[in-house]
Amino acid sequence: MFSKKLKNAPEGYTFDDFLLVPAASSVEPKDVVTKSRVSRNLELNIPIISSAMDTVTEAEMAIALAQEGGMGVIHRNMNIKEQVDEVKKVKRSSDLTIRDVITISPDSSVLESIQIMDEEDVSGLPVVKKGKIVGIISRRDIIPLLNSKDKLMVREIMTEEVVTISESTTPEEALDIAYENKVERLPVVDGDNIVGIVTIRDIIERKKYPYASRDSNGRFLVGAAAGPFDLERAMALDDAGVDVIAVDCAHAHNLNVVQFVGELKDNIEADLIVGNIATKKAAEDLLAREVDGLKVGIGGGSICTTRIIAGVGVPQLTAISKAADAAQDYEIPVIGDGGLRYSGDVAKAIAVGADCVMLGNLLAGTHEAPGEVVIMNGRKFKQYRGMGSLGAMTGGIGAGTDRYFQEVKGPMKHAKLVPEGVEGVTPFKGYASEVLFQLIGGLKASMGYCGAQNINAMQNDTTLVRITSSGITESHPHDMLITNESPNYPTTRLM
């Protein structure tokens with residue numbers, strides 16, 4: 001009986017075990033389409049989301065990902081209000097209409113208007129009386145007044161003929177109206193009542209990111225993590241306008257988690273991604289609960305020790321392919337989470353069924369990742385730790401011991417935890433946009449080699465070849481000393 005466990009055990013494969021086979025191709029990398037779904041109802045322009053880790057994703061990283069066409073997932077090692085605020089920061093950053101408009105009364109003094117402009121760092125103020133806009137005052141109106149400005153009231157120098165727009169005005173229409181009337185800001189009105197303001201600067205800023213991932217209101221897409229049983233957090237995030245809630249759990253095939261998924265679905269409007277899992281049966285049980293996406297990967301992350309401490313896991317390509325076999329019948333996206341080191345790994349994950357990948361290590365260490373840059377031996381680094389590490393499990397309000405189904409009370413609680421991750425540093429990598437450019441560039445190159453015009457073709461029309469350890473050695477640069485480091489192939493890797 002026991003010997004059969006060994007004899008009948010299937011083989012498990014990961015990224016270094018395979019290469020994609022080049023095919024006859026008329027596809028140029030510049031022409032491929034990298035759009036893919038991250039959940040049942042949401043599509044991204046690049047198949048990349050960031051990990052819900054406290055050294056990877058807060059608002060700044062989520063904004064950077066959304067600008068490039070991906071999506072960030074805000075971590076939960078903070079209290080509910082703090083996490084909600086992070087989500088709102090992402091949504092506000094891309095809202096063309098500024099809702100919290102700073103206004104002034106026509107009966108205020110010009111000196112008061114100058115003081116408000118200086119304090120709020122704005123160059124103009126709508127003039128409002130009883131909720132209705134009656135004029136606008138800007139620094140250009142004030143500059144010619146010289147010393148007389150301390151005697152004047154706002155109503156005496158404001159521009160009374162205000163050019164306004166409605167909420168239905170498109171960014172292109174708003175830009176045309178602003179140029180035509182030579183104004184820098186356009187109050188947004190509902191009837192005569194002001195509800196917001198749009199500036200030319202914000203319109204031009206939006207045009208810089210034509211492939212950004214946005215919701216139906218033009219705001220950036222953003223996800224956030226919630227505990228496997230934390231309904232209060234999930235509902236608060238949903239009320240804040242989050243697009244995706246990701247159940248943050250080391251083993252989502254825990255039957256209590258599977259059962260609770262139904263309650264989560266009943267109480268939120270956002271799409272629900274559940275993970276992590278590593279088997280086809282886990283995928284089937286969660287799909288039966290009508291989840292909107294599956295997150296696959298147990299123990300493959302660079303900072304994860306689950307496979308060593310618990311002796312549990314499935315090599316990542318095998319895990320992704322098994323989950324994708326189940327998910328394709330339900331048309332539900334699969335997200336490969338963990339183990340990715342190079343852009344070629346992204347391509348391989350997609351080839352075996354992943355619709356998107358979730359990145360931790362590859363984005364940790366970027367400018368947008370939380371944490372300070374430190375210098376060690378003349379090189380720049382940033383902190384990076386697993387969410388199963390002792391520091392992550394004990395640090396911060398909302399620290400996720402429930403992620404690993406552990407609960408410890410009282411002092412010295414760290415002594416009663418069994419960590420499944422480590423803490424350390426990762427080399428500073430520059431801006432997230434630069435990392436994403438290299439990753440997507442590598443993916444596009446792979447799609448060109450394989451003749452895959454889009455992600456669907458990459459999943460269904462590609463073949464792989466299994467390689468040996470000698471093939472792995474041959475695949476990497478060898479028999480030479482690299483003198484110039486490539487941005488997508490660092491010569492110094494931390495063990």
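S446 touches L20, A347 and M458, leaving aside residues up to four places away in sequence. This serine sits in helix 16, which covers residues 432-450. The model you are looking at is predicted, and a search of the whole structure finds three aromatic pairs.

**Around S446**
- Is S446 buried or exposed? S446 is buried, because its relative accessible area is 11% and the cut-off for buried is under 20%.

- A pair of aromatic rings is described by the distance of the centres and the angle of the planes.
- Y13 and F18 form an edge-to-face pair, with 5.0 Å from centre to centre and 80° between the planes.
- Y13 is buried, at a relative accessible area of 19%.
- F18 is buried too, with a value of 16%.

**The pair F229 and F260**
- Why is the pair F229 and F260 edge-to-face? The planes of the two rings stand at 70°, and an angle over 60 degrees counts as edge-to-face; the ring centres are 5.7 Å apart.
- This pair links distant parts of the chain, as F229 and F260 are 31 residues apart.
- F229 belongs to the loop between strand 10 (223-226) and helix 9 (231-239), while F260 is in helix 10 (residues 255-267).
- F229 is partly exposed, with a relative accessible area of 39%, whereas F260 counts as buried at 15% relative accessibility.

Conventions:
Residues are numbered from 1 along each chain as its sequence is written. This is a predicted model: local features need pLDDT of at least 70, side-chain atom pairs count only at pLDDT 80 or more; totals for chains, interfaces and linings use all residues. Side-chain values use heavy atoms; hydrogens and water are left out. Rings of Phe, Tyr and Trp (its six-membered ring) pair if their centres lie within 6.5 Å; planes under 30 degrees apart count as stacked, over 60 as edge-to-face and the rest as tilted. Buried means under 20% relative accessible area, exposed over 50%, partly exposed in between (1.4 Å probe, protein chains only). Helices (H or I, at least four residues) and strands (E, at least two) are DSSP runs, numbered from the N terminus. Contact means heavy atoms within 4.5 Å.
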